[in-house]
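Hi,

Here is the structure I said I would pass on.

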Amino acid sequence: MFGVLAPGAPVAQLTFDGLYSLQHRGQESAGMAVSDGETITVVKDMGLVTNVFDERTVAALEGDLAIGHTRYSTTGSSTWRNAQPAYRSVGTAGFALGHNGNLTNTAALAERAGMLPGVVASDSDLVAELLSLAFSPDGADGGGELEATLTKVLPDIEGAFSFVLMDAEHLVGVRDPNGFRPLCLGRLDDGWVLASETPALDVVGARFVRELEPGEMVLIDRTGVRSVHPFPAERVDPKLCIFELVYFARPDSLLYGKEVHGARRRMGELLAEQAPVDADLVMGVPESGVPAAEGYARRSGIPYGQGLVKNRYIGRTFIAPTPEARARGVRRKLNPLRENIVGKRLIVVDDSVIRGTTTRAMVEMLRDAGAAEIHLRVSSPPYAWPCFYGIDTPSREDLLAAQLSVEEIGAYLGTDSIAYLTLDNLERAIDAPGAGFCSACLTGDYPVEISPAPAKEVLEVAIRA
Ligand code: SF4
């Protein structure tokens with residue numbers, strides 16, 4: 001997600017650039033809303049940022065205030081309707097919203113609001129609808145009304161949510177009380193930028209100011225930034241998704257004030273201490289396995305080399321929406337570099353094994369290319385519990401580590417040996433004393449209760465019924 005208010009400057013191009021740098025966070029659809037001070041124009045469609053926008057569409061979006069979004073679907077299927085920003089007009093006013101995360105009380109919220117089936121189809125759209133129901137276009141001014149509406153609605157919302165919102169003149173950022181998903185603030189000349197990750201600030205030439213605190217809302221207008229805390233203090237309990245550091249975030253992102261790449265490299269170093277093995281070459285699975293592989297090589301003294309070439313124009317397979325798409329994606333995405341593989345004992349470092357589809361295909365590919373031995377080292381603990389906070393693994397049946405022991409996983413994947421980093425070592429590698437993390441997918445210890453487990457299509461099932 002991205003948001004910018006840059007008084008007097010055209011911001012559609014900046015929003016495009018910001019979204020492009022955040023493409024890894026969602027590849028199913030993209031969109032932006034731009035305000036010229038009076039009218040909000042929304043353009044969104046299925047596909048990557050570059051599929052949705054070209055020079056012509058960007059040039060046509062006039063205004064100095066915008067938000068943008070790239071979607072990775074959790075609650076709500078991957079359809080045009082669920083692409084974001086979600087927009088609502090209320091009387092003469094209007095607002096747009098982008099959401100990163102996943103609500104855990106979606107069905108209860110829809111029921112409590114007496115929402116008829118079909119009114120909304122995703123948890124993000126539900127929030128937009130709840131805001132529009134509470135929004136009074138006759139309020140003192142649009143910004144005050146948006147703030148008052150958010151203050152009223154936000155405390156009812158549970159789960160993982162970072163939001164960027166805008167009306168015609170104001171930009172708002174919100175981070176849930178656990179801070180599951182990141183959101184940061186930057187300064188751009190006399191304007192302000194909000195972004196899911198800090199590289200989006202770099203790309204548009206903004207200066208990093210700070211990460212939003214869990215439970216914080218920032219309200220931005222032409223006079224500056226105000227910070228408020230709309231949630232009860234007892235709900236504030238920092239639980240940043242630990243997988244942002246393992247896999248999801250860019251390596252050049254700052255989280256809890258530290259660069260992610262360093263944490264990933266240390267994960268590899270500790271993995272080398274914890275699970276050494278004789279081998280000829282250490283290689284990382286592109287791209288998020290590479291820093292940990294560098295760390296493993298450095299600590300073990302075994303040379304580092306590239307064993308797989310990644311087609312840089314292919315997206316992440318893990319966040320593709322169907323198993324078929326993920327499996328097809330592996331061969332499109334990775335190809336072996338035979339010179340580094342034939343006859344070699346390989347240590348292959350990957351950041352995680354979720355369903356095992358991509359890892360199994362990759363191991364087979366390395367064997368076919370002539371690898372003598374394959375020792376898989378995983379720079380996080382077994383992922384055995386579904387995530388309900390913004391990663392699309394809603395069923396334990398989909399998770400290899402929920403079904404098999406570590407040895408069985410190694411046999412299933414076809415490796416000669418396998419080892420996972422322990423949770424203690426993962427936390428040591430992150431090295432952020434006092435920082436709170438969610439690690440529910442590794443431990444089963446969920447910081448926000450899920451009851452009953454929400455289905456991806458919870459709102460759409462109601463529509464079809
Ligand atoms: S359950 Fe796992 S993937 Fe989901 S937010 Fe927690 S740490 Fe992240």
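The C-alpha centres of domain 1 and domain 2 lie 33 Å apart. Domain 1 covers 2–239 and domain 2 covers 262–437, with bounds that come from an automatic or database domain assignment. Before you read on: this is a predicted model, where local features need pLDDT of at least 70 and side-chain atom pairs count only at pLDDT 80 or more, while totals for chains, interfaces and linings use all residues. Residues are numbered from 1 along each chain as its sequence is written.

Where the two domains meet, 18 residues of domain 1 and eleven residues of domain 2 take part in the contact (two residues are in contact if their C-beta atoms, placed from the backbone, lie within 7 Å). On the domain 1 side that touches domain 2, strand E6 (93–103) and strand E7 (159–166) each supply at least two residues, and E6 gives the most, with three. Helices (H or I, at least four residues) and strands (E, at least two) are DSSP runs, numbered from the N terminus. By class, that side of domain 1 has four nonpolar, ten polar and four charged residues. Here Ala, Val, Leu, Ile, Met, Phe, Trp, Tyr, Cys and Pro count as nonpolar, Asp, Glu, Lys and Arg as charged, and the others, Gly among them, as polar.

Now the ligand. What classes of residue make up the shell around it? Ten are nonpolar, one is polar and none is charged. Among the surrounding residues are Phe-180, Cys-241, Cys-387, Cys-438 and Cys-441 (near means a C-beta atom, placed from the backbone, within 6 Å of the molecule). Helix H8 (242–248) and helix H16 (440–443) each give two or more residues to this shell.

Helix H10 (residues 290–300) is worth a click too. Eight of its eleven residues are buried, meaning that 20 or more other C-beta atoms, placed from the backbone, lie within 10 Å of their own. These buried residues, including Tyr-296, pack against helix H9 (260–274) and strands E17 (281–284), E20 (345–350) and E21 (373–378). Just after H10, Gly-301 has a positive phi of about 80°.

Of its 137 residues, Val-172, Val-282 and Leu-346 touch the most other members. Both domain 1 and domain 2 contribute at least three residues to this core. Beyond its neighbours within four places in sequence, Val-172 contacts residues including Leu-146, Leu-165, Met-217 and Ile-220.

Cheers

Methods: A residue is buried if 20 or more other C-beta atoms lie within 10 Å of its own, exposed if 12 or fewer, and partly exposed in between; C-beta atoms are placed from the backbone. A nonpolar core is a set of buried Ala, Val, Leu, Ile, Met, Phe, Trp, Tyr and Cys residues joined through C-beta atoms within 7 Å.
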